[in-house]
Amino acid sequence: MLVNTGGIMMPRYEFRCENCGLFECWRPLAEAGVAMICPKCQAAARRVYTAPGLVKTPPALAQALHRAEKSAYEPEVIKREYPVSGEEKPSQVVYRSHGRPWQIGH
């Protein structure tokens, strides 16, 4: 997580003090590897490197995002299948091509 403080982006880092244990602190990116002073005992504390906080996406949302991304490159073609009995198929419209589309009906 990043916080913007006066135009400077500052992430939250975790540090370990040998006396007091773990604590977190917001620091500029330039000071990411520099040792921190423990706020309780004033001893030097080293940064703890941890995995990023990843959130698992719900399956329904993941599937919807996958379909949306896929359709951006390969649109899915869907054909409607008509039932064999009961409904009638829509009437077929016949278009005649005369070779000159600007002379329709002539």
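**Briefing on the chain**

M36 stands opposite A45 in β5. This is a predicted model, in which local features need pLDDT of at least 70 and side-chain atom pairs count only at pLDDT 80 or more, while totals for chains, interfaces and linings use all residues. Residues are numbered from 1 along each chain as its sequence is written, and side-chain values use heavy atoms, with hydrogens and water left out.

**Overall make-up**

- The chain contains one helix and five strands; helices (H or I, at least four residues) and strands (E, at least two) are DSSP runs, numbered from the N terminus.
- Along the sequence these elements follow the pattern β-β-β-β-β-α.
- Of the 106 residues, 12% count as buried, where buried means under 20% relative accessible area, exposed over 50% and partly exposed in between (1.4 Å probe, protein chains only).

**The β4–β5 hairpin**

- Strands β4 (residues 36–37) and β5 (residues 44–48) run antiparallel and are joined by two bridges; two strands pair if DSSP finds at least two bridges between them.
- Six residues lie between β4 and β5 in this hairpin, and Q42 in the turn has a positive phi of about 65 degrees.

**Nonpolar core**

- The largest nonpolar core has nine residues: Y13, F15, C17, F23, C25, A32, M36, C38 and A45. Such a core is a set of buried Ala, Val, Leu, Ile, Met, Phe, Trp, Tyr and Cys residues joined through side-chain atoms within 4.5 Å.
- β2 (8–17) and β3 (21–26) each supply at least two residues of this core, and β2 gives the most, with three residues.
- Y13 touches several residues, among them F23, P28 and R47, not counting residues up to four places away in sequence; contact means heavy atoms within 4.5 Å.

**Aromatic pair**

- The structure holds one aromatic pair, formed by F15 and F23, which is stacked at 5.8 Å centre to centre with 20 degrees between the planes.
- Rings of Phe, Tyr and Trp (its six-membered ring) pair if their centres lie within 6.5 Å; planes under 30 degrees apart count as stacked, over 60 as edge-to-face and the rest as tilted.
- Both F15 and F23 are buried.

**Cysteines**

- The structure holds zero disulfides; a disulfide is a pair of cysteine sulfur atoms within 2.5 Å.
- The closest cysteine sulfur to that of C17 is in C41, 3.5 Å away, which is too far for a bond.
- C38 is likewise in no disulfide, and the nearest cysteine sulfur, that of C17, is 3.7 Å away.
- C17 is buried, with a relative accessible area of 2%, and C38 is buried, with a relative accessible area of 2%.
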